[in-house]
Structure formats: structure tokens, C-alpha cells
Amino acid sequence: MKIRTAILSNQTGIKDWLKVINVNDSKVYKKPPKNCSNCGGHKIIGLEILGAHKSCILWECQKCQEKYLKFTKAYTRKLLNKLNDMSINLEDFMDIEYKEPN
Ligand SMILES: [Zn+2]
């Protein structure tokens with residue numbers, strides 16, 4: 001199964017990451033939904049969010065980026081809210097990436 005990994009930029013004071021991601025469908029899909037209810041697309045992939053969960057946490061339509069729940073809303077929110085405690089900062093990460101080797 002195809003998985004896309006996303007990094008959410010460091011925003012402060014986010015109380016509910018689920019609202020930031022904007023999942024419209026409140027149904028929980030243990031397996032990726034066959035059709036996207038928004039555009040009718042058939043390519044639904046796993047979406048992994050760095051720092052939230054070690055595997056994919058949501059499903060995403062490749063065509064219109066509509067998101068679907070893999071876990072209950074409460075559990076998804078709990079996993080996403082771990083991003084508030086993340087000690088890595090995206091800017092620090094970039095510095096490491098572009099640092100010249102010694
Ligand atoms: Zn779609």
C-alpha cells in the first residue's frame with residue numbers, strides 16, 4: 001500500500017490538529033475507502049504524519065486530498081496533539097540538511 005509522509009509545519013497554540021487537517025467524513029475506515037466521497041477517485045493512500053504515529057494515521061485521496069479517518073476522532077486527535085510536544089523544529093532540521101560536510 002502506498003503511503004505519503006507529511007510534516008506539519010510548527011505552529012504554536014494549536015488546540016485541535018484535527019481541525020487543521022480538516023477531515024469532513026466522521027466515519028472510521030479500517031481499510032482505505034474504495035471511493036472518495038468527494039471526487040469519486042479510486043486512489044486512496046495512507047497518510048503518515050511525522051511525529052504523530054509510526055505508521056499511517058489517516059487515508060488521503062490522491063486526486064483531491066480529501067482525508068478519511070483510520071482511527072476514531074478522539075484517538076486521531078490524541079496522536080496528532082503529540083505534535084505540540086515535538087522537540088524538533090523544522091528550521092533546525094533544514095539547517096542540518098543543508099550543512100556542508102566537514
Ligand atoms: Zn477525492
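Predicted model: local features only at pLDDT ≥ 70, side-chain atom pairs only at ≥ 80, totals over all residues.
This tour moves from the whole chain to its sheet and then to its nonpolar core.

**The whole chain.** Colour the chain by secondary structure: three helices and four strands make up the total. Of the 102 residues, 21% count as buried. Among contacts with a separation of 6 or more, 61% are between residues 24 or more positions apart.

**The sheet.** Next, select the four strands. They form an open sheet in the order β1-β2-β3-β4, and the pairing is mixed. At its edges lie β1 (3–6) and β4 (67–69), each of which pairs on one side only. On average, neighbouring strands in this sheet are turned by 35° against each other, direction ignored.

Which residue of β2 stands opposite Arg 4? Leu 47 holds that position.

**Leu 47 and the core.** Keep Leu 47 selected and display its surroundings. Leaving aside residues up to four places away in sequence, Leu 47 touches Arg 4, Ala 6, Cys 56, Ile 57, Leu 58, Trp 59, Glu 60 and Lys 67. Leu 47 also belongs to the largest nonpolar core, a group of 15 residues in which Leu 47, Ile 57 and Leu 58 have the most contacts. To see which elements contribute to this core, select α1 (17–21), β2, β3 (58–61) and β4: each supplies at least two of its residues.

Terms used:
Residues numbered from 1 in each chain as written. Pairing = 2+ DSSP bridges. Axes fitted to C-alpha atoms, helices over the stretch in contact; angles between N-to-C directions. Buried ≥ 20, exposed ≤ 12 C-beta atoms within 10 Å, placed from the backbone. Contact = placed C-beta atoms within 7 Å. Core = buried A, V, L, I, M, F, W, Y, C linked by C-beta atoms within 7 Å.
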